[in-house]
Amino acid sequence: MLENLTTVKVSGGWHKQYSHDSTSTHCKMRFAVFLPPGASQTNKVPVLYWLSGLTCTDENFMQKAGAFKKAAELGIAIVAPDTSPRGDNVPDDESYDFGQGAGFYINATQAPFNTHYNMYDYVVEELPALIEQHFPVSDKKAISGHSMGGHGALMIALRNPTRYTSASAFSPITNPMNCPWGEKAFSHYLGDNKKLWANYDTCELMNQLEPASYVPMRIEQGEADNFLVEQLKIEALFKRVNEKDYPAEINMHPGYDHSYYFISSFIDEHLLFHQPFLTQ
């Protein structure tokens, strides 16, 4: 059962925040939805799912990205889930890059995390079904995200090419198997089996795809991002895109960092990128 927590009018539409008991994560989850003006049961609109990064919640993108005006103009709903399960009974860690706030959009296999940390199932299966049941949206959906959420968006699209019309990312963790953030999370959530890790790694997944399964992508990366070299591994994604002739536009931006200042500077371009795929 959905519980409406907040409702605010913005850009002619509505931003609403909800909580519900999740069957995937076995705890109460929170998400936010923006409905553009004119969305109704007789005028269902497509959806962009936004996945946020480490330490974030459903609120970061909705409050900081400045996406509502363009989304309202284009008639696109936006749904932003939380980044992990939360609660007193949910396993956590003192570090910012693991545990609550750092679900990495995977299904954990290792105790004690496997009971609650099933964010892949939550984002791919449970949340869209809930959104399509309770809100005036169609089954047309795209996916986007930032940092850890950029990893989630690209990985999920690659694994589900018939579910998403397009995918995009800002400053994504592109090769989590080979960076400190990913190695830490995957080893604790998934154990030592690196074949299992590869199922959640954008670069590894891209290696395995055939052209019939390609999903159009757009990626923005700031050149002044202090996580660029050690954590994000954009050069690995460049390599895979070139080798596979994958339909991904990767844009490098001098001077921009890892923050929402960067996201807000280019979010309109991402909404415009998704719009023709969502409406065709």
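Let's start with the sheet: nine strands make up an open sheet, in the order 1-2-3-5-4-6-7-8-9, with mixed pairing. I count two strands as paired if DSSP finds at least two bridges between them. The helices (H or I, at least four residues) and strands (E, at least two) are DSSP runs, numbered from the N terminus. At the edges sit strand 1 (3-10) and strand 9 (248-253), and each of these pairs on one side only. From one strand to the next, the twist averages 20°. As a quick reminder, strands of a sheet pair through backbone hydrogen bonds, either parallel or antiparallel.

Before going on, a word on what you're looking at. This is a predicted model, so local features need pLDDT of at least 70 and side-chain atom pairs count only at pLDDT 80 or more, while totals for chains, interfaces and linings use all residues. Residues are numbered from 1 along each chain as its sequence is written, and side-chain values use heavy atoms, with hydrogens and water left out.

Now, two parallel pairs in the sheet. Strand 4 (residues 45-51) and strand 5 (residues 77-81) run parallel and are joined by three bridges. Which residue of strand 5 is the bridge partner of L48? That's I78. Strand 6 and strand 7 also run parallel, here with four bridges, and S144 stands opposite S168 in strand 7. Have a look at how the side chains of strand 7 (residues 167-170) are arranged: A167 and A169 point one way, S168 and F170 the other way, and all are buried. By buried I mean under 20% relative accessible area; exposed is over 50%, and partly exposed is in between (1.4 Å probe, protein chains only).

While we're on strand 6, find S138, which lies in that strand. The S138 side chain reaches the backbone nitrogen of K140 at 3.2 Å. That's a polar contact, a pair of N or O atoms within 3.5 Å; within protein, one must be able to donate a hydrogen and the other to accept it, and residues adjacent in sequence count only if both atoms are side-chain atoms. Not counting residues up to four places away in sequence, S138 touches K44, V45, P46 and E132, where contact means heavy atoms within 4.5 Å.

On to the helices. Helix 3 (residues 119-134) lies across strands 2, 3, 4, 5 and 6, and runs at about 145° to strand 6. For these angles, axes are lines fitted to C-alpha atoms, for helices over the stretch in contact, and angles run from 0 to 180 degrees between N-to-C directions. Helix 9 (residues 234-244) packs on the sheet too, touching strand 8 (217-222) and strand 9, and its direction makes about 145° with that of strand 9.

How do helix 3 and helix 4 (residues 148-159) pack, and at what angle? Their axes are 12 Å apart, at an angle of about 60°, so the two helices are oblique to each other. For the cut-offs, under 35 degrees is roughly parallel, over 145 roughly antiparallel, 65 to 115 roughly perpendicular, and the rest oblique. The contact is made by Y120, V123 and V124 of helix 3 together with M155, I156 and R159 of helix 4.

Next, Q231, which you'll find in helix 8 (residues 228-232). Is Q231 buried or exposed? With 6% relative accessibility, Q231 counts as buried. A polar atom of the Q231 side chain lies 3.0 Å from the backbone nitrogen of W181. Leaving aside neighbours within four places in sequence, Q231 is in contact with I173, C179, P180 and W181.

Last, some backbone details. Most residues other than glycine have a negative phi, and most peptide bonds are trans. H26, in the loop between strand 2 and strand 3, has a positive phi of about 55° although it is not a glycine; at 49% relative accessibility, H26 is partly exposed. D245 has a positive phi near 50°, sits in the loop between helix 9 and strand 9, and is exposed at 66%. And A111 and P112 are joined by a cis peptide bond, with omega about 5°; P112 is in the loop between strand 5 and helix 3.
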